[in-house]
Amino acid sequence: MSERRSLRGARILLCVTGSIAAYKAVSLLRALTRDGAEVSVVMTPSATRFVTPLTFETLSGRPVRHGLFDGAETMPHLRATDEADLVLVAPATANCLAKCALGVADDLVSTLLLAARCPIVMTPAMDGDMWEHPALVSHVRAMRERGVVVLEPEDGPLASGLIGKGRFPAEPTVMEAVAACLDRRRDWAGQRVLVSAGPTREPIDAVRFVTNASSGKMGYAVADAAARRGADVVLVSGPTALAPPTGVTTVDVLTADEMAREMEARFAWATVLVMTAAVGDFRPRRPSSVKIKKHDWDGAPLALERTPDILASLSRKRTHQILVGFAAESDNLLDNGRKKLRQKDLDFIVINRVTGADSALGGDTSDAIFLPRHGQAMPVERLPKRLLADRLLDTVRDQCLTHPSAPALESNREIRRIH
Ligand code: C5P
């Protein structure tokens with residue numbers, strides 16, 4: 001296992017929910033505090049049936065809350081999450097995962113999960129059949145897409161007596177995930193990130209257009225991840241069905257020309273450019289400003305011409321910016337990606353496969369090859385695009401940024417609510 005930073009000074013809100021694995025949260029609390037974390041514990045009412053609050057109170061040295069309405073304090077969920085660097089749900093029951101996925105807030109733990117703006121790590125523990133139930137599978141996918149870290153439970157003997165996947169993950173795995181999540185907090189602060197996303201749309205006439213299958217999901221995920229990690233982010237987006245990420249300035253465009261104009265206007269401001277957009281390479285040479293009548297169609301408006309290569313043109317104007325491009329390829333992925341990186345003079349390229357049923361274009365998940373200008377190609381396994389975005393930011397930070405180190409936790413007390 002790789003060297004990880006100590007958790008000294010990290011403020012962790014440990015939420016214990018009602019699984020038999022609640023007893024493992026006791027040992028986890030000990031491990032977290034031994035590593036220097038300041039841990040406060042909240043419990044669901046059913047968790048208190050497995051382990052008493054007194055156990056956690058004694059070991060954390062802090063009062064343990066388990067009711068929305070006990071204590072004198074109003075809105076304890078807001079204060080608790082504002083004061084935390086990370087929320088760790090351990091164990092996370094199927095019920096807790098479902099409530100968090102749906103935004104249900106009917107006890108203290110689910111309410112503070114809805115209020116939390118800091119990273120959330122969930123460590124599921126349940127029977128194998130529950131973990132594999134389609135309802136839970138879709139809840140877990142939804143949360144992962146939102147950036148919640150949901151660890152995989154482990155295979156082995158379960159409390160039910162059966163053998164299967166559902167065991168509370170091993171303690172070092174949980175500690176590693178917590179440390180990695182804390183490392184990412186605001187590690188992009190100070191960076192100004194210009195992201196392009198989605199397809200472009202080139203008119204044929206007043207109602208028809210040429211476009212492509214890009215959904216914009218990857219670019220929106222990159223913009224969201226960078227903003228949550230402290231960067232100032234501008235997202236220039238072609239037409240998509242996606243809601244603009246919170247905390248990001250989003251500029252809507254339609255054509256490649258409009259995208260080029262908006263990107264050029266902001267390029268000098270940016271420190272990092274992430275060009276995920278599937279910019280249309282061709283457009284109708286002579287679009288009609290009115291709707292072409294069926295019987296008037298002679299094919300002429302579909303004579304195509306090349307659009308400007310936005311990335312290549314920005315690259316020629318670069319002063320200080322780090323340039324990250326994407327390559328959508330159907331064959332010879334690495335060779336073609338390498339060629340593009342050189343031709344467009346990029347610092348980093350993400351190579352995506354766009355053929356087959358699991359093509360990167362339009363889907364919720366993607367695998368990729370990361371190729372830095374100086375360094376080895378790195379194959380990345382299939383991940384939800386939001387997790388792939390975090391992986392990309394980790395790698396660009398480590399390979400390309402001059403001051404990549406994450407700020408020390410002790411000097412990083414500011415909690416920013418991004419709305
Ligand atoms: O040359 P190719 O289109 O494969 O290069 C892909 C990269 O170039 C992507 O990052 C894409 O956003 C960008 N691009 C661009 N302008 C175009 C076409 C692609 O900026 N007209």
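**The sheet and its helices**

Reply: In this model R11 stands opposite E38 in β2, where a strand is a DSSP run of E with at least two residues, a helix is a DSSP run of H or I with at least four residues, and both are numbered from the N terminus. The model is predicted, so local features need pLDDT of at least 70 and side-chain atom pairs count only at pLDDT 80 or more, while totals for chains, interfaces and linings use all residues. Residues are numbered from 1 along each chain as its sequence is written, and side-chain values use heavy atoms, with hydrogens and water left out.

Strand β1, residues 11-16, pairs with β2 in the parallel sense over 6 bridges, and two strands are said to pair if DSSP finds at least two bridges between them. The open sheet has 5 strands in the order β2-β1-β3-β4-β5, with parallel pairing. Its edge strands are β2 (38-43) and β5 (149-150), each of which pairs on one side only.

Helix α6, residues 108-115, packs on this sheet and touches β1, β2, β3 (86-92) and β4 (120-124), a contact being heavy atoms within 4.5 Å. The direction of α6 makes about 125 degrees with that of β2; axes are lines fitted to C-alpha atoms, for helices over the stretch in contact, and angles run from 0 to 180 degrees between N-to-C directions. Helix α9, residues 171-184, lies across β1, β3, β4 and β5, and runs at about 160 degrees to β3.
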